[in-house]
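Thanks for asking me to look this over. Here are my notes, as a few numbered points to read alongside the model.

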Amino acid sequence: MGNIVVIGGDGFCGWPTSLHLSNLGHHVTIIDNLSRRTIADELGAQSLTPIASIADRLSAWKRVTGREIDFLNVDVAKDFDALMAVITDLQPDAVVHFGEQRAAPYSMKGAVQKRYTVDNNISATHNLLVAIAAVSPDTHVVHLGTMGVYGYDGDGLEFPEGYLDVKVEAPDGRLLPRSILYPTNPGSVYHMTKSLDQLLFQFYAKNDHIRITDLHQGIVWGTQTDETRLDEALINRFDYDGDYGTVLNRFLIEAAVGHPLTVHGTGGQTRAFINIQDTVRCVALAIENPPERGDRVRVRNQMTETHRVRDLAAMIAKITGAAVDFVDNPRNEAAENELKVSNRSFLALGLTPITLSNGLMTETLEISNRYADRCDLSKIPAKSLWRKADEDTVAVTAELKKAS
């Protein structure tokens, strides 16, 4: 059993992952500055499910399982010395890195949020790599990335797991084989930071032989895992607002409160999906199967199925009787796209995927109904725009001045 640090272990993916790893017998230390709670206060958009304090969460985990998870309040993007001290002291077998602002809409909300997303995400990743290279070079970094680094070209090409084998023509006409990172095509500032992460990983794997696994994850649906079901104080986040709510979870709460299912544009966007319980299983599998020192970054596509957004809406509408409302798309993206993704590596490691068709969507709908009275309808619409109209220039300038 390993000594594992989970950066961002209080968040939507980080909390259930921390519990799962602890339940497997690992010694888990959460590092988190509780920024997701701060952003929820900033937006006035709390989780649909009631979230206990981090102290109460950890106390409940010890009460129901007898296992302890340590917690350190550290901002890894700003307090490098504190991060160095933790890595030096613990010498972790693995660090699971969730410590990045994760919402594309929030990253496009305005100048303040764009700058915060870049400053936080890139500094957090680089500080971690510098610390590990300096004092714990055998530590395996497992990073939660995103399928969004690939973009959504819609030409039918299957996205490989990170790398593309190509041939480059030399001046003398010879074709030279190369294996390159799949060209990134980020669709938001958030996705751009994940694309930049890839270059940081590539350098530190090559230069310092850090063992790195980069998980390109699809959109997460669901809320509960085997561990978070054990006690009410362990329940996971359920975000439904226009900035942090993932599309399927948003549809389910809309259905529960009698709000039309808000489909952006034509709903022709095809996306990759994964259940939260598969997220925690995939992270555990990645930890158990690290690359060797000196290997290139191991990229695994962490997703289980793809769906077109309007088809998801139709599925939920059929189950619940909800109406469907096609609204303006705030994003700068193609109206329609196809998506094919390879997830062979996790299937080869033994993952049996949870899909929308095998029942857990009912549990998520039940949670939506149970806590429907906590829903603030005013937070449902997506208000972050990818491109501002010209008349908004004055407002953006004022925001920049305020931020400085």
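1. A word on terms: two strands pair when DSSP finds at least two bridges between them, and helices (H or I, at least four residues) and strands (E, at least two) are DSSP runs numbered from the N terminus. With that in hand, Ile7 stands opposite Ile31 in β2. Strand β2 (residues 27-31) pairs with β1 in the parallel sense, over five bridges.

2. The model is predicted, with local features needing pLDDT of at least 70 and side-chain atom pairs counting only at pLDDT 80 or more, while totals for chains, interfaces and linings use all residues. Residues are numbered from 1 along each chain as its sequence is written, and side-chain values use heavy atoms, leaving out hydrogens and water.

3. Now the whole sheet: seven strands form an open sheet with parallel pairing, in the order β3-β2-β1-β4-β5-β9-β13. Each of the edge strands, β3 (69-72) and β13 (298-302), has a single partner, so one side of each is left without a neighbour in the sheet.

4. Ile31 turns up again in the largest nonpolar core, which has 36 residues; Ile31, Leu129 and Ile212 have the most contacts inside it. Such a core is a set of buried (under 20% relative accessible area, 1.4 Å probe, protein chains only) Ala, Val, Leu, Ile, Met, Phe, Trp, Tyr and Cys residues joined through side-chain atoms within 4.5 Å. Helix α6 gives the most to this core, with five residues.

5. Which residues does Leu129 contact (heavy atoms within 4.5 Å), leaving aside neighbours within four places in sequence? They are Val141, Leu200, Phe201, Tyr204, Ile210 and Ile212.

Note on methods: Buried < 20%, exposed > 50% of the residue type's maximum accessible area, 1.4 Å probe, protein only. Contact = heavy atoms within 4.5 Å.
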